[in-house]
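These are my notebook entries on a structure that I am opening for the first time. I set down what I looked up, entry by entry.

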Amino acid sequence: MLPYPETKKVEVTDNYFGTAVVDPYRWLEDDMADDTKAWVIEENKVTENYLSQIPFRDAIKDRLTELWNYEKFSAPFKEGEFTYFYKNDGLQNQYVLYRQKGDEEPEVFLDPNKFSDDGTTSLAGISFSKDGSLAAYQISEGGSDWRKVVVLDAKENKIIGDTLIDLKFTGLAWKGNDGFYYSSYDKPDEGSALSGITEYHKLYYHKLGTSQSEDELIFGGEKTKRRYIGAYLTEDERFLVISAANTTSGNELYIQDLKQNSPIVNIVDNFEKDYSIIDNEGDKLFIYTNLDAPNYRVVTTDINNLSPDNWIDLIPETENVLNIGTGGGKLFANYLKDATSLVQQYNYEGELERTIELPSVGTASGFSAKSQDTELYYSFTSYIYPPTIFKYDIASGNSEEYKKAGVQFDPSLYTSEQVFYESKDGTKVPMIITYKKGIQLDGNNPTLLYGYGGFNISLTPSFSTSNIILLEQGGIYAVANLRGGGEYGEKWHTAGTKTQKQNVFDDFIAAAEYLIDNKYTSSEKLGIAGGSNGGLLVGAAMTQRPELFKVALPAVGVLDMLRYHKFTAGAGWAFDYGTSDDSKEMFEYLYKYSPYHALKEGTSYPATMVTTADHDDRVVPAHSFKFAARLQEYHTGDNPVLIRIETNAGHGAGKPTDKIIQEAADKWAFMFQNMGAPYTK
């Protein structure tokens with residue numbers, strides 16, 4: 001047994017519908033307290049001491065550094081007279097935003113590496129005015145969801161004095177060159193701004209040249225209490241579109257005719273389905289929705305005839321889940337077919353013009369451009385196809401390779417196969433398994449099974465530089481497309497929510513059993529990983545079937561299901577999870593699978609490395625702190641159960657390259673060490 005820190009226990013008991021629930025590690029929820037900070041230091045010491053003794057840890061980090069060191073580009077986008085793109089020379093902590101005019105040499109427009117000395121302050125989004133002459137960009141410090149916004153004269157690339165603070169979960173929507181719309185919450189008064197509840201979103205309008213304190217409240221706040229409010233303008237800047245929601249699924253839809261200076265009008269007055277306006281032609285609106293279409297469709301209506309009863313199908317629902325983009329006067333239907341991309345081009349009359357030929361089976365993204373553009377850029381990737389940017393001619397349908405990834409990886413040496421396995425209740429679930437050609441399927445291959453299973457999010461094939469470490473070693477990487485995700489539309493999503501959440505865990509466990517039964521691996525060589533809602537997945541799987549896995553890597557996980565809704569915007573996750581306050585039935589269901597509460601004294605758990613970050617204000621680190629403390633208390637056996645707490649980092653977005661590489665090296669080193677599969681060059 002490792003010398004885990006002595007973690008104090010404080011008597012705290014809650015009563016849920018007559019059931020007493022003890023929570024002795026409640027004190028760890030106070031992320032600002034001195035004793036919590038001291039505990040973090042002690043836990044990190046134990047973890048670092050363990051990791052530092054793994055003989056091949058440095059070799060893995062060196063190899064990852066070598067693999068990461070190649071030029072990386074984003075797809076270009078046009079704003080005004082410039083074409084912009086992001087580029088990383090290789091090991092820069094943050095991507096740099098460049099621009100160029102015509103065939104001139106590109107110039108640096110924004111270099112986030114200069115925002116802070118340690119690379120932990122990142123560029124978290126940028127929005128340009130329609131003519132490209134003005135820009136507003138968001139800054140995140142230490143990975144926090146709270147943002148600052150800086151306004152630029154884009155032509156001169158000079159700050160023009162408007163800096164806004166304390167914005168959260170926002171886009172920036174320009175209204176001409178006069179100002180822009182943005183969203184935020186009131187910052188919590190008490191305790192930590194990183195963990196305090198953010199309840200009611202507010203939509204503001206900021207007029208350039210005025211103080212933020214003068215910004216006009218447009219929608220939300222006490223007047224219209226909504227947890228999430230987003231706003232954007234149609235490309236012709238005639239309509240302001242407002243989406244308002246209380247959970248991560250379903251939204252109300254509002255519209256305002258800015259040309260007529262009309263009042264804000266409600267289009268949809270309930271949260272039952274998803275709606276967004278994707279474009280307009282004069283009074284005609286194009287709406288993307290899953291109303292009466294679990295796999296989504298595109299409909300049209302008129303500004304004077306907004307009721308959903310009057311909507312007309314333009315692109316009807318199909319058996320595949322639809323995502324939609326616009327560009328060059330066309331609609332791009334990006335369908336998910338068994339979790340991979342199928343892209344079709346339609347005109348605005350709803351007529352199919354072509355199916356776009358993609359380079360392989362994988363994930364295509366980025367089919368959007370301005371209405372006057374004649375070309376667009378899209379990215380394509382798969383588990384063995386490094387991300388490549390293609391230039392697409394909208395009129396002819398021709399694609400040409402624009403930027404190819406320079407990573408040291410030969411796809412011809414690897415294979416990626418999709419299988420369908422049966423879950424506990426007989427449901428067929430897809431999984432993509434990737435490995436080096438020629439390896440023996442003898443049950444002895446180090447394998448990492450990854451999953452998510454929630455919030456209508458789809459796991460589609462994507463290349464990972466980090467995973468090369470596993471594949472080069474003859475290991476196997478498997479991704480299961482669990483219920484709760486969006487791979488098969490609304491029905492697939494809801495089949496993994498609330499009192500059906502166990503389906504997600506059953507799907508994941510069945511994936512593990514498939515890999516073992518078919519000799520890809522064995523329990524002694526099987527690791528599981530997932531982040532955020534995927535961290536919950538790993539926590540539930542390892543507490544329900546601890547003997548099935550050798551290694552567990554729950555990252556930034558939702559691990560206390562009885563209290564998740566009491567921090568930041570956590571209450572907005574209730575569509576997927578339900579809450580312990582809802583009913584006795586819901587409490588009992590959550591209590592049974594909640595990883596923190598499901599840990600049992602005297603049980604041998606897999607070798608576990610919990611990972612979190614001190615600035616995570618999406619899934620607060622208290623989840624991981626409490627889970628790790630109880631895991632260390634209850635666990636028996638020789639497997640290490642550790643927590644690795646990143647400092648000055650958040651939920652994941654904007655994390656600097658050096659932190660990404662070190663964390664990846666530590667995870668692979670931990671996994672290989674505990675599988676008895678030492679890394680070799």
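**Entry: ground rules**

I note that this is a predicted model, in which local features need pLDDT of at least 70 and side-chain atom pairs count only at pLDDT 80 or more, while totals for chains, interfaces and linings use all residues. Residues are numbered from 1 along each chain as its sequence is written, and side-chain values use heavy atoms, with hydrogens and water left out.

**Entry: the whole protein**

I looked up the secondary structure and found eleven helices and 39 strands; both are DSSP runs numbered from the N terminus, helices being H or I with at least four residues and strands being E with at least two.

For the overall dimensions, I read that the C-alpha atoms fill a box of roughly 70 × 55 × 50 Å along the principal axes. The radius of gyration is 25 Å, which agrees with the value near 26 Å that a compact globule of 681 residues would have; the radius is taken over C-alpha atoms, and the globule rule is 2.2 Å times the number of residues to the power 0.38.

The protein exposes about 26900 Å², of which carbon and sulfur atoms supply 46%, the areas coming from the Shrake-Rupley method with a 1.4 Å probe. Among the contacts with a separation of 6 or more, 56% are accounted for by residues 24 or more positions apart, a contact being heavy atoms within 4.5 Å.

**Entry: salt bridges**

How many salt bridges does the rule give? I found a count of 45, where a salt bridge is a side-chain nitrogen of Lys or Arg within 4 Å of a carboxyl oxygen of Asp or Glu.

I began with Glu633 and Lys9, whose side chains meet in a salt bridge at 2.6 Å, N to O. This pair links distant parts of the chain, since Glu633 belongs to helix 10 (residues 622–634) and Lys9 to the segment before strand 1 (13–16), 624 residues apart. I looked up both ends for accessibility: Glu633 is partly exposed at 31%, and Lys9 is partly exposed at 49%.

I then turned to Glu66 and Arg63, which form a salt bridge at 3.0 Å, N to O. They both lie in helix 2 (residues 57–68), three residues apart, about one turn of the helix. Glu66 is partly exposed, with a relative accessible area of 40%, whereas Arg63 counts as buried at 15%. Elsewhere, salt bridges that share partners join Asp14, Asp23, Arg26, Glu29, Asp560, Arg563 and Lys626 into one network.

**Entry: positive phi angles**

Most residues other than glycine have a negative phi, so I looked for exceptions. Tyr296, although not a glycine, has a positive phi of about 80 degrees; Tyr296 sits in the loop between strand 21 (284–289) and strand 22 (297–302) and is buried at 8% relative accessible area. Ser532 likewise has a positive phi, near 65 degrees, and is found in the loop between strand 36 (526–531) and helix 6 (533–544), where I read a relative accessibility of 15%, which counts as buried.

**Entry: two loop residues**

Which residues does Gly119 touch, not counting those up to four places away in sequence? I found Asn93, Gln94 and Pro656. Gly119 lies in the loop between strand 7 (107–110) and strand 8 (121–128), and is buried at 4%. I also noted that Gly119 and Thr657 are 538 residues apart in sequence and 8.4 Å apart in space, C-alpha to C-alpha.

Last, I looked up Asn467, which lies in the loop between strand 34 (447–450) and helix 3 (468–472) and is buried, with a relative accessible area of 10%. Leaving aside its neighbours within four places in sequence, Asn467 is in contact with Tyr477 and Trp668.

Conventions. Buried < 20%, exposed > 50% of the residue type's maximum accessible area, 1.4 Å probe, protein only.
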